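Here is a short tour of one protein model. Look over the sequence and the fold below, then read on.

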Amino acid sequence: MLHRVQEAISMLEARDLTKSYRGIPALRGVSFTVAPGKVVGYVGPNGSGKSTTVKLVTGLLEPDAGQVLFRGENIRHCLQRYRAAFGYVPEEAHVYTHLSGLEYLQLVGRLRGLPEHLLTRRANRLLELFGLAPSRHSPISLYSKGMKQRVLLSAALLHNPDLLILDEPLSGLDIVSARLFKDLLISLAKSGKAILYISHVLEVVEQVCDRVIILQEGAVRADGSPAALKADAHSASLEAVFSAVVQHEDTSAIANELVAVMGATHA
């Protein structure tokens, strides 16, 4: 099932991306666009090529074939300017744990070239809004996983980027923070930001994304709005669509077999 959507104006475009590792294909001609004011969900099972895609669109890797375009220009030709224009939340919260939350944002802001007066005001306000103000001077080594994730979100938003690339941003967030994040995505899109949202949490993807791209074995298997994908698959939820597109095993039967194995008393 492929319900491809063409955007008239794209801020980010992946065009026929192909990447292999030691001859093993990770991506096979993947194409998609992310337009201003849109949240595009990018989902797939483990090993489908999501992480490789992220490395390509952030400029960390070069594709074997195809290209990544930012406002119509190949990012390899404007890499420094491109990196200054996007905010990125990685899947793993790698931060300098000896720094405090405020010090970390100050470091990021200075690397981004923000004026000191603006940096200090904006960093402190972001920490307050993300509920980190009481811990702003504590070392990040003392932060919980969810607190580190909120620091990373603050760092991604600090320079007011036009494009956001969010890789499993809900990881470690509590219920309140996750609710705030969903509302934040909607507000960011309304303000004209282009957002590529990589996630396994299909319920949130269905709620906040204008389009959803389903990846399997390095290829795009479906691309469309949640409503269109559900209509095409005659399904009531995006989870059901996902299962129909990428899942060929009877998970209920496997679950029953696992329980049977647990209770087995004979060889």
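In strand E9, Val212 is the bridge partner of Gly41. This is a predicted model: local features need pLDDT of at least 70, side-chain atom pairs count only at pLDDT 80 or more, and totals for chains, interfaces and linings use all residues. Residues are numbered from 1 along each chain as its sequence is written, and side-chain values use heavy atoms, with hydrogens and water left out.

**The sheet**

The bridge belongs to a parallel pairing of strand E3 (residues 39–43) with strand E9 (residues 211–216), which runs over four bridges. Strands pair if DSSP finds at least two bridges between them. Helices (H or I, at least four residues) and strands (E, at least two) are DSSP runs, numbered from the N terminus.

Six strands make up an open sheet, in the order E6-E7-E8-E3-E9-E10. Its pairing is mixed. Strand E6 (86–89) and strand E10 (219–224) are the edge strands, each pairing on one side only. From one strand to the next, the twist averages 15°.

Helix H8 (residues 226–233) packs on the sheet and touches E9 and E10. Contact means heavy atoms within 4.5 Å. The direction of H8 makes about 105° with that of E10. Axes are lines fitted to C-alpha atoms, for helices over the stretch in contact, and angles run from 0 to 180 degrees between N-to-C directions.

**Aromatic pairs**

The whole structure holds five aromatic pairs. Rings of Phe, Tyr and Trp (its six-membered ring) pair if their centres lie within 6.5 Å; planes under 30 degrees apart count as stacked, over 60 as edge-to-face and the rest as tilted. Two of the pairs are tabulated here.

| Pair | Centre to centre | Angle between planes |
|---|---|---|
| Phe32 and Tyr42 | 5.2 Å | 45°, tilted |
| Phe181 and Tyr197 | 5.8 Å | 50°, tilted |

Phe32 in strand E2 (residues 24–34) and Tyr42 in strand E3 are ten residues apart. Phe181 in helix H6 (residues 175–190) and Tyr197 in strand E8 (residues 194–198) are 16 residues apart.

Buried means under 20% relative accessible area, exposed over 50%, partly exposed in between (1.4 Å probe, protein chains only). Phe181 and Tyr197 are buried too.

Elsewhere, ring pairs link Phe70, Tyr82 and Phe86 into a cluster.

**Helix H10**

Helix H10 (residues 251–263) has 13 residues. The count of buried residues among them is zero, so H10 is hardly covered.

Key
The expected span of a helix is 1.5 Å times one less than its number of residues.
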